[in-house]
Amino acid sequence: YFEWTDTCDGWNVNQHTSLYLASSQEKSNQIGLTFSGWEAKDGLELHFHASHISDGVIIDNVVGEAHLTAPDGRGTVKYSKPKGLAVALPEGTVFPSEYSRRMMARMNEGADGYSALMFDGSSIEGTYDVTTFFAAPRMRALPGAGDDVDDVDDGIVGAAAVEEKVWPVRMAYFPLLGGDAEPDFEVGALINERGVAHRYDIDYGNFAVRAELEKYEELSPPDC
């Protein structure tokens with residue numbers, strides 16, 4: 001579940017992810033992530049609250065505020081959970097909605113990628129160096145276009161298909177600390193010109209998760 005709404009002066013984001021994992025040792029557990037945040041439209045302020053859950057028990061809570069001195073400027077993060085923790089943000093840091101806005105602008109201009117430092121508030125790991133690559137767009141059936149549509153990666157088969165243009169996108173998240181040559185994780189997606197993902201994959205290295213869009217609803221704009 002992902003909700004992104006306009007609040008006139010900013011963007012509200014609410015997200016909930018739930019995974020059921022089973023191992024070869026016949027052990028299973030449910031893990032979840034909930035996130036809520038508000039980001040100013042000028043890209044200078046971010047409020048965030050993230051919880052990590054295992055089998056119904058909250059094992060980690062992250063709450064705080066982040067501020068930048070100027071677009072692409074330095075900044076600071078002050079956490080209320082963990083209490084008293086403060087982190088400096090390096091010059092060039094952007095917040096997630098601003099990263100998405102710039103990435104989408106580059107994609108629609110026909111560029112082949114975008115890269116920036118990003119802090120999203122989902123953990124205390126800090127800022128990632130996020131590199132995104134775009135492949136050539138293709139046509140793909142809209143989610144829920146019908147059971148008689150044969151959806152494959154390199155095209156759509158079926159006269160009943162209602163299609164739109166999507167871009168294959170690959171995002172790699174590199175930690176700033178440690179100078180690792182390999183990303184912590186990667187995200188692959190098929191997104192339309194408005195940034196709605198038909199499908200996305202999260203690759204953690206030892207396992208990967210695929211999500212398919214089942215339902216999409218546009219929310220009414222606010223009366224600003």
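## Buried Asp 201

A residue counts as buried when its relative accessible area is under 20%, exposed when over 50%, and partly exposed in between (1.4 Å probe, protein chains only). With a relative accessible area of 18%, Asp 201 is therefore buried. This is a predicted model, where local features need pLDDT of at least 70 and side-chain atom pairs count only at pLDDT 80 or more, while totals for chains, interfaces and linings use all residues. Residues are numbered from 1 along each chain as its sequence is written, and side-chain values use heavy atoms, with hydrogens and water left out.

You'll find Asp 201 in strand β16, residues 197-203. Helices (H or I, at least four residues) and strands (E, at least two) are DSSP runs, numbered from the N terminus. Leaving out residues up to four places away in sequence, Asp 201 touches Glu 186, Val 187, Gly 188, Val 209 and Arg 210; contact here means heavy atoms within 4.5 Å. With Arg 210 there is also a side chain to side chain polar contact, at 2.6 Å. That term covers a pair of N or O atoms within 3.5 Å; within protein, one must be able to donate a hydrogen and the other to accept it, and residues adjacent in sequence count only if both atoms are side-chain atoms.

## Two nonpolar cores

A nonpolar core is a set of buried Ala, Val, Leu, Ile, Met, Phe, Trp, Tyr and Cys residues joined through side-chain atoms within 4.5 Å. The largest one here has 20 residues, and Tyr 99, Met 103, Met 171 and Tyr 173 have the most contacts inside it. Two or more residues come from each of α1 (96-108), β9 (113-118), β10 (128-134), β14 (163-175) and β15 (185-191).

Take Met 103: not counting residues up to four places away in sequence, Met 103 touches Tyr 114, Thr 132, Phe 134, Met 171 and Ile 191. Another core, of 13 residues, lies apart from the largest one and includes Val 13, Ala 50, Val 77 and Phe 119.

Most residues other than glycine have a negative phi, and most peptide bonds are trans. Now look at Cys 8, in the loop between β1 (2-6) and β2 (10-22): Cys 8 isn't a glycine, yet has a positive phi of about 75°. Asp 72, in the loop between β5 (57-68) and β6, also has a positive phi, about 65°, without being a glycine. Cys 8 is partly exposed at 33% relative accessibility, and Asp 72 is partly exposed at 35%.

Then there's the peptide bond from Lys 81 to Pro 82, which is cis, with omega near -5°. Pro 82 sits in the loop between β6 (75-81) and β7 (86-89).
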